[in-house]
Amino acid sequence: MHLPATETESKKPSLTEESRLFITFWLADFLFALPVEEVVEINRSLDITPVPQAPAFVSGIINLRGQILTAIDLAKRIGLKREKEAHHNVIIGRDDEPLSLLVEQVGDVLEIPISQIENPPEVIEGLDIQFVKNVSKLPDRLLVILDVEKILGN
Amino acid sequence: MGFEEDVLKDFITEAKENLERLDEEFVELEQRPEDRELLSSIFRTIHTIKGTAGFFGFKTLEAIAHFAEDILSKLRDGLVVADEETIDVLLKAVDYIKAIIAALEETGKEPVDETYLDFLVDLRNFAEKVAKKAEGGGAEEEKASEEKSAKESQEEASSPPEEEKAEEAAKEESPSQKAETKEEKPQEESKSQAETKPQAESKPQTPKPSSPPKKEDKGAPHVHLTETHVRVDVKLLDQLMNLAGELVLSRNRLVQIASRISDAELQNATQNLSLVTTELQEKIMKTRMQPIGNVFNKFPRIVRDLARSTGKKVNLRIEGADTELDRSIIDAIKDPLTHLVRNSIDHGIEDPDTRVQLGKPPVGTLVLRAYHEGGQVVIEIEDDGRGIDVNKVKQKAIERGLITPAEAEKMSDREALALIFKPGFSTAQKVTNISGRGVGMDVVKTNVEKLGGSIDIQTVLGAGTTVRLKIPLTLAIIPALVVTCEGQRYAIPQVSLRELVGLSPETRKNIHQIGDSEFFRLRGEMVPIIRLSKILGLEAESRENESLVILNSGAMDFGLVVDEIWDSEEIVVKPLGKHFKDISIFAGATIMGDGKMALILDVVGISRKIGLKVEDVDRVKEEASKRATLAEDEQQFILLFNVSPEEQFAIPLALVARLDKIKAEKLEFVGGKEIVQYRGRSMPIIRLENYLPIQPLPEQDEYHLLVFAEGEREVAFLVSRIVDSIQTQVKLDERLYQIEGVLGSAIVKGRTTLFLDVYKIIEMQDPYFFVKIVPQEERPYRVLLAEDSPFFRQMIANYLAAAGYDVETAADGLEAWEKLQKEPFDVLVTDIEMPNMTGLELAKKIRADERLAHLPVMALTSLASDEDKRRGLEAGIDEYQVKLERSKVLEALADLLNRKYAQAA
């Protein structure tokens, strides 16, 4: 039986402590993260074919080596105002139907100890909290871990 | 565990295949209850199931199979004859076996339910009854064929399961042996089958030793056949199909690049790759193809059960069971077909008494037919029942509030039949548990349309109904037309495509705006049109050169206005993600040759979006008839007909005086001429094959007459079928057929059509048919005919020549002008709308020219309005006539010449 780590221990992360890997990316000055297991691959700009009459947060479809994927305008999906173009594709794979999330910039892969993964606060300024699964306080900023289920609309 | 699962899977697959065959065989057995071959085959199948069930320890399954086998062995040995009751019980046993197999497939366990045990008891009792009957009734036969046969049958019935049980026991102890025995088992079984066969066969006949080798011959190819086939997982085939699709796309892309680079070696290589890819794709498609028989096989049983429960007698005939279709489509048409067959038996075929009263055979006939036609598969469900009463349909529709009595009044039979497909419609007088299950024909229609197919009903009251489904061969790769709208490409499946219309200022005259809806007048028919940009919800800038794509959604025709029409391409259909499932206007997406994507339009979905009101359509139709007189120049009505069914011909409808039908016996052969008594007079008949190198008219009970009149005289073409009359722009190709009596050829309604020169053909038959109204002169008048349409040019030239004029032709105003400079002519006959120089410009030029100023000029047009005439007169045109009104043209021409030259003289 694994016991949750205590507060004091978590301050100095060690290799023995259980941690999780996250892919991070930027969108409207927020640093977001998704667990690596969710992400299939990251791709620079791919041609997007718009699909008229689709929901507003759907940018269109992309051709990923012959497979047609839905491209989600992540900023719109989670209620963010984005100023820069979001050209990078974070491809997440779920139920045989991969999706591309469009982001502005892809960041580092971060290893975060489980103990430092916290429940989200009640409010995050400028962000719809329902899409946030967890947060983690990095030295310089807040890492927002997104809830894939919610983004997929399940 | 994994191993056992695999074996179980194999068993289930095999059992399912066998059970399907069983259904069919049982129904056959009912008709030929003494067919030993058939009985042996059924026996073997049940025997195999019993054996395997024993191996897995499925007790209920084994027991049911065991008792069924018991009964069957008695039938097979001829001790009892298969009566209806016996077959009923056996079929029930098959049903229970199916249910257990289904449960095994799902849960891996036998279902625990008392009904199975109850049935088992019934089955055992019945088996005992049969056994007793066999002892009593079959005693004499038994003696004749010695005890041997009885022993054999007992051995067969009892020993194999025991063997297998022993094997099973052995296996449980040593699991490593299982693999070997698994492989051995089928061989053993086939051996035992081969052994049983000759035994069972030879019994009823004389026990000559010469027969066994024959049987072996028969058996040998059977064993051989299984070795040439490999069972492949369907998923693997689907993956292969996808990969082939990818390959096609890569190939397309490579071909595009290669054509840009234009390197001979590269071209060669891509061409080769292209060929191989196409072939590979075809072959892989083939692996997914299955004979439609796989679905049809289910129907003997369904029909039998239905007929019994409704007290009707139905004979099912299956045709074209080997017609192949994509697996996914076969799955999808199962339900619609079942529904249609149920309908035919429930509503169509009458009960035997009624049928006898009507003078029909007591046994109704239901035909299930499949065949390929034009890249599609046609499936027909035909019955010889009571047909559909159109009036009843209308009445019902009024009762259901689907239409108003006034609408019903106006409806054609065809439109009324289409009501059947409306949601909430059922013609059954009473709702039966067979057809009236709340699932209507509308669901059938929707399902068929979802497959990109169409459905059509033909019915003759009192004689029967035929429902015809047209289904594409495959759903994965389809031919599609690529169009653009606001810079994006869209693909339209070719099956829905009717025709393309370029929207020029000229053709735009056919667009009528009524309220919010727009309509296009297509050969007299009002077709609702809608802009693709509007459907897509895009802001569209207005454009000069748009195109109109006329589509058929099954329910109706409609036009889609697109920016541009690109090529036709074979596209690989890829599904869209779930975020798009609420958008009904797309059927999927595809990747084009350049790697970019295009959405595939769902024609049925779009047609629903148009949502037209009936009043709108009515209003438009009225309006259209008012404006019809303003049709533009080159559009004309043509009549399409067949002489032999393979060849299509066309003539201008305006030339035909009447269309009529005659019975074959009305034709007479008098004085070397074929004539027909028509309206109290003898009218000569022209058989076209006597004058043109075409297929002859087939023998028919009734023929169609195309009657032509010249004053009091009449003559008629004898033809087999009137195909249609349509309004179209004829683009005639004169080079392909240079035959006297043929003006040229064109593609009309997807078929090469020969346009006939009616005047020429009539003249060939009777050179004196047409009155020559050439003015009395030493030499014939020289006529210059300027006409850009080759079709009209030839036709007019021919009838002028037939009337005795010397005709010279010019393809446009400019050419006519040049000819006028070189040679003298007595009269100019000219079209108005021509390229390079119009008729009006030509006339003005002539009047301005000193030498030609007095040349008589006659203008010919399709339809002349007063405004046109006024402008013509201003330009110096003396006469205005309609092209197709031959006698008027000739009369006016003679008049004009008389007037001019009498004046001059």
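## A parallel pairing and its sheet

In this predicted model, B:Arg782 has B:Asp806 as its bridge partner in strand 31 of chain B. Strand 30 (residues 782-786) of chain B and strand 31 of chain B run parallel and are joined by 5 bridges. Helix 25 (residues 813-822) of chain B packs on the sheet and touches strand 30, strand 31 and strand 32 (827-831) of chain B. The direction of helix 25 makes about 155° with that of strand 30 of chain B.

The sheet concerned is open and has 5 strands, in the order 31-30-32-33-34 (chain B), with parallel pairing. Its edges are formed by strand 31 (806-810) and strand 34 (879-882) of chain B, each of which pairs on one side only. From one strand to the next, the twist averages 25°.

## B:Glu841 and its setting

Helix 26 (residues 839-848) of chain B contains B:Glu841. Is this residue buried, partly exposed or exposed? B:Glu841 is partly exposed, because 16 other C-beta atoms lie within 10 Å, whereas a buried residue requires 20 or more and an exposed one 12 or fewer. B:Gly876 lies 35 residues away from B:Glu841 along the chain, and the C-alpha atoms of the two are separated by 9.8 Å.

## Helix 13 of chain B

Helix 13 of chain B comprises 12 residues (299-310). From its first C-alpha to its last, helix 13 reaches 16 Å, close to the 16 Å expected at 1.5 Å a residue. Its buried residues are B:Phe299, B:Val303 and B:Leu306. These residues are on the same side of helix 13 of chain B because they cover an arc of only 70° around the axis.

What do the buried residues of helix 13 of chain B pack against? Their partners are helix 12 (293-296), strand 2 (314-319), helix 14 (327-348) and strand 4 (364-373) of chain B. After helix 13 of chain B comes B:Gly311, which has a positive phi near 70°.

## An antiparallel hairpin

Strand 22 (residues 667-670) and strand 23 (residues 673-678) of chain B pair in the antiparallel sense, over 4 bridges. Within this pairing, B:Val676 in strand 23 of chain B stands opposite B:Leu667. The hairpin has 2 residues between the strands, and B:Gly671 takes a positive phi near 55° there.

## Chain A

Chain A has 154 residues, of which 30% count as buried. Its secondary structure amounts to 3 helices and 11 strands, which follow the pattern α-β-β-β-β-β-β-α-β-β-β-β-β-α along the sequence. For contacts in chain A between residues at least 6 apart in sequence, 52% join residues at least 24 apart.

## Contact between the chains

Chain A contributes 16 residues to the contact, and chain B contributes 19 residues. On the side of chain B that touches chain A, at least two residues each come from helix 10 (234-261), strand 17 (586-591) and strand 18 (597-601) of chain B. The residues of that side of chain B comprise 10 nonpolar, 5 polar and 4 charged.

How values were computed: Residues numbered from 1 in each chain as written. Chains lettered and ligands numbered in written order. Predicted model: local features only at pLDDT ≥ 70, side-chain atom pairs only at ≥ 80, totals over all residues. Contact = placed C-beta atoms within 7 Å. Nonpolar A, V, L, I, M, F, W, Y, C, P; charged D, E, K, R; others polar. Expected span 1.5 Å × (residues − 1). Arc of directions from axis to C-beta. Pairing = 2+ DSSP bridges. Axes fitted to C-alpha atoms, helices over the stretch in contact; angles between N-to-C directions.
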